[in-house]
Amino acid sequence: MQPDLLKGIKVVDFTTYAAAPCSMRLLADWGADVIKVESFSGDPMRGFGVNLAQTPYTEEENPVWEYENGNKRGIAVDLKTEKGMELMHRLLSEADVFVSNVRAAALEKLGLTYEQLHEKYPKLVVGVISGYGLYGKDAPRPGYDVVAFWAKGGSLVDMSPDGTAPVTAPYATGDHTVGLALASGILGGIIKAKNTGIGEKIVVSLYGTSIWANSMMIIGTQFGVEYPQSRYNPGNPLINSYKCKDGKWITLCVLAYERYWDSFCEIFGLSDIQNDPDYRSLKKVVADKEKLKHCCMRIEEQFILNDREYWAEKLTAADIPFERTLQWKDISTDQQAIDNNYVTEFKMKSGNSFMLPMTPVQFGGQEAIDSAPAPLLGQHTLEVAKELGYSDEEMAQMIKDGVIKQHQ
């Protein structure tokens, strides 16, 4: 299935790494013609697999590259040349959207800021991703999700076990959250341009999106909530993780504490605290740190008596919100993910396959969106140049002069 929601929309993707490219992957999945513009050395994300142990990053097998850049076309252009910049402007003259995560000073030097482009192409929607925002002392600094989203956003320390070092940040989680924000803003910009003939500047940052994503905790800390939190000092003992006899974990998320308290206690044999008014009320139990700790420990003592599947059956029967606490290694074989096409088998150029995580928006139910292979460096350069009106002779000369590169 290939949705046609954005059919006829042309996007110039002048981006690197993950946050902006994944956002453009969304637009490509939704039917836009996304043309990724790279230098001759290519987007550094092509080699990111080296950071992920044994994950391959060759032209024949590059799972990370496939995820971030599938369904796009790719060209390689030297924008430091006059002819290269001429090609870029031919692209922009036909485009509806231009997106970049190049730092502001470099973008201005190339003449590709929103202000510079708006004069020439007033209908163009321009998307900008930064690390820390456009203003303030941190604005010029390089920003990646590990530092700008996770570290500055508070999560590395406040999600760590109490008294230990900051957790190791997962790669690209912040990037993909920002990508969703950028894609939604661009859709709004496209609608505005269609209705008014005037484009828009869409601005998102890793730091700003982290603040939005962590808003509950940021609000709570202003009213006395302290982080990091021990497992024995949660905001709710029924929103916590507990270890089972087989060493596996279950995570509870019982927001309606009082509603489920009796049935929960009956499942876990907590008759000693079930009818105690200090435990029946969430407000009372969290107000007394010793009782809160005791409540968590009593639940812990009961969970460890049986294996995870035993408790999963009991909790499911009682309609109590919970989940088996999985690891990332479990997801590619999780039947629920497979049944809903959240992961799907993808055959690489080598012929080998892996389970490709899919973008999260679906159309028409659970049908999987087609995933065309991500472009090799310069794979579509001549194809796109010909669409822009360049003759075979002109393209041959541009290759000879080092203006463009076509993958061989």
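Residues 24 or more positions apart supply 68% of the contacts with a separation of 6 or more in the protein, a contact being heavy atoms within 4.5 Å. The model is predicted: local features need pLDDT of at least 70, side-chain atom pairs count only at pLDDT 80 or more, and totals for chains, interfaces and linings use all residues. Residues are numbered from 1 along each chain as its sequence is written, and side-chain values use heavy atoms, with hydrogens and water left out.

The protein has 20 helices and twelve strands, taken as DSSP runs numbered from the N terminus (helices H or I, at least four residues; strands E, at least two). The C-alpha trace spans about 85 × 50 × 40 Å along its principal axes. Of the 408 residues, 43% are buried, meaning under 20% relative accessible area with a 1.4 Å probe, protein chains only.

Strand E2 (residues 33-38) is largely enclosed by the rest of the structure, because five of its six residues are buried. Strand E1 (residues 10-14) runs parallel to E2 and is joined to it by four bridges; strands pair if DSSP finds at least two bridges between them. Valine 12 has isoleucine 35 of E2 as its bridge partner. From E1 the chain crosses through helix H1 (residues 19-29) to E2 in a right-handed β-α-β crossover. Right-handed denotes a clockwise path from the first strand over the helix to the second, with the strands pointing away from the viewer.

E2 also pairs with strand E3 (residues 73-77), in the parallel sense, over four bridges. Here isoleucine 35 stands opposite arginine 73. The β-α-β crossover from E2 to E3 passes through helix H2 (residues 63-69) and is right-handed.

How values were computed:
Buried < 20%, exposed > 50% of the residue type's maximum accessible area, 1.4 Å probe, protein only.
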